[in-house]
Amino acid sequence: MQFALMIYHTPEEFDMRKNDYSDPHLGAWRAYYRALVDAGVYVGADALEVPETGTTVRLRDGKRRVQDGPYADTKEQLAGFIILELPSVDAALEWAARCPGASIGVVEVRPLAKEALRRGFTG
Amino acid sequence: MNGSNQQDTHRTVERVARESYGRLVAYLSVHTHDLASAEDALSNALVSALSHWPQDGVPQNPEAWLLTAARRSLIDVIRHQHVVQASEPSLALLKENSTEAALSTEFPDERLNLLFVCAHPAIDPAMHTPLMLQTVLGLDAARIAQAFLIAPKTMGQRLFRAKTKIRSGGIPFEIPQERDLPARLDAVIEAIYAAFGIGWDDMVGADQRGRDLAEEAIWLARVLLQLMPSEAEVQGLLALMLHCEARRPARRGADGRYIPLSEQDPKQWSFPLIEEAERHLSEAFTQGRSGRFQLEAAIQSVHAERARTGRTDWTAIALFYERLIRISPALGTQAGYAAAVAEAKGPEVGLAVLESIDRDAIADYQPYWAVRAHILQRLGKTREAADAYDRATGLAEDPAVREFLLKRRS
């Protein structure tokens, strides 16, 4: 089964993203990534730029509405995602608890949609 | 009724609930095998106590009052279930017992039956501890779910399924026959220890998870010991948990930083708890029946000696681990043994022990990587040590532990 770990950061956490390799915050993430790969559960992952760089688009009554900033007006914002191959949701919660993002912000665990639905999308 | 009176009553209800919950649930379910109904009935009784006691005063025998109220509610519940025929015998039993028991404090303590039911081999082992926490201590599913890292709804469903199985699966409410007793008692002890949640205490891997249940686990162990005072392993279990609990204040620095056992200041350990642990352990040893929990407690006892002698006798610890591995070769034990022999006989001996552990089993087992990193560092294998530190860090749940490991790595 595949699960998405969606990582929501607080503004302070976004500020902690320095490209400095001695940074303990980054060190924890690097170690987490290694543990995922070495345990053989890693499928894919990526990080997003800070929320201010987001733009939302809607089409309403044939008109385009474009706005600056992220979609949801919440304190925690989506910062990245990880896809894992795991036997159960229990195992997914284990890995979510180990995620450095869980100790400050929030990690949401959600199963990927069933294979049939995903095939429907991709044809 | 005034506010402080109500508060007092609230506290009394809470105290009585805490002390009597398991006794009442066990007694109410021993004939019906219906834990869910017994719990519902008791919670109705507690609600009723909260509304009656502030006005009428706290009854002289609160436990008997709750029992009477719960029993009345239970009879209603059973009537409502429309299974009159099937329930007739239990209804009769409930009524039969109601007069004498309600009037005296003395009703039989059926908690031991209940503990054995919760840890019955027909029930998913992962549910043994949650069932005990709920039925014997009255913890709600949400709280249990937190500790076990399971969604509250899922935990609720799993508890419900387990109780349905108990009700309909013919799981007997009785203390096992002598022949089965050792294995069945092991399951009860294991389940209590799982609530405590600390694999062992002397390295950077102790799981945080169960920690907020530590007090509840000690309470359960005391109940079990009270019910089975001559079981050496129960004494061992309590001794082990008390030793670990004694060190709680020393585990964190004032700034919240993680402090491993070897660097803890023994002055911060709780001596009353250590003394109590030692008392239980020596009582257990006089019975001459060694077992896993006595050995685990003995290891912690050697660590506690440092408060007196200023040093840790790693040779003694390694010997206890050797005996422990023979009866219980769990991953945690093997990693603990490796750490101990690394101290007693040198890091290369410790590394050899680690190398003998099954590769697949340790892929996501944090304590293994923490021990491995420490031993490799002592051997001067810096690169390999850094790799192992990364693994240990990535598998750690506690940010303080992660920080500690990252610092060691550099």
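Predicted model: local features only at pLDDT ≥ 70, side-chain atom pairs only at ≥ 80, totals over all residues.
**View 1. Chain A, with its helices and strands.** Chain A contains four helices and six strands. Followed along the sequence, these elements come in the pattern β-α-α-β-β-β-β-α-β-α. The C-alpha atoms of chain A fill a box of roughly 50 × 40 × 20 Å along the principal axes. Chain A has 123 residues, of which 23% count as buried. Take the contacts in chain A between residues at least 6 apart in sequence: 75% of them join residues at least 24 apart.

**View 2. The contact between chain A and chain B.** Chain A brings 16 residues to this contact, and chain B brings 15 residues. On the side of chain A that touches chain B, helix 2 (24-38) and helix 3 (89-98) of chain A each supply at least two residues. Helix 2 of chain A gives the most to this side, with eight residues. Sorted by class, the side of chain A that touches chain B holds eight nonpolar, three polar and five charged residues.

**View 3. Chain B, with its helices.** Chain B has 19 helices and zero strands. It is made up of 410 residues, and 44% of the residues of chain B count as buried. Among contacts in chain B between residues at least 6 apart in sequence, those that join residues at least 24 apart come to 62%.

**View 4. Helix 11 and helix 12 of chain B.** Two packed helices are described by the angle between their axes and by the distance between the axes. Here helix 11 (residues 232-246) and helix 12 (residues 271-286) of chain B pack at an angle of about 160°, and their axes are 8 Å apart. Angles over 145 degrees count as roughly antiparallel, and helix 11 and helix 12 of chain B are therefore roughly antiparallel to each other. The crossing of helix 11 and helix 12 of chain B is left-handed. From helix 11 of chain B, the residues that make the contact include B:Ala232, B:Gln235, B:Leu238, B:Leu242 and B:His243. From helix 12 of chain B, they include B:Leu273, B:Ile274, B:Glu276, B:His280 and B:Leu281. By class, the contact between helix 11 and helix 12 of chain B has 10 nonpolar, four polar and three charged residues.

Key. Residues numbered from 1 in each chain as written. Chains lettered and ligands numbered in written order. Buried ≥ 20, exposed ≤ 12 C-beta atoms within 10 Å, placed from the backbone. Contact = placed C-beta atoms within 7 Å. Nonpolar A, V, L, I, M, F, W, Y, C, P; charged D, E, K, R; others polar. Axes fitted to C-alpha atoms, helices over the stretch in contact; angles between N-to-C directions. Parallel < 35°, antiparallel > 145°, perpendicular 65-115°, else oblique. Left-handed = near helix turned anticlockwise from the far one by under 90°.
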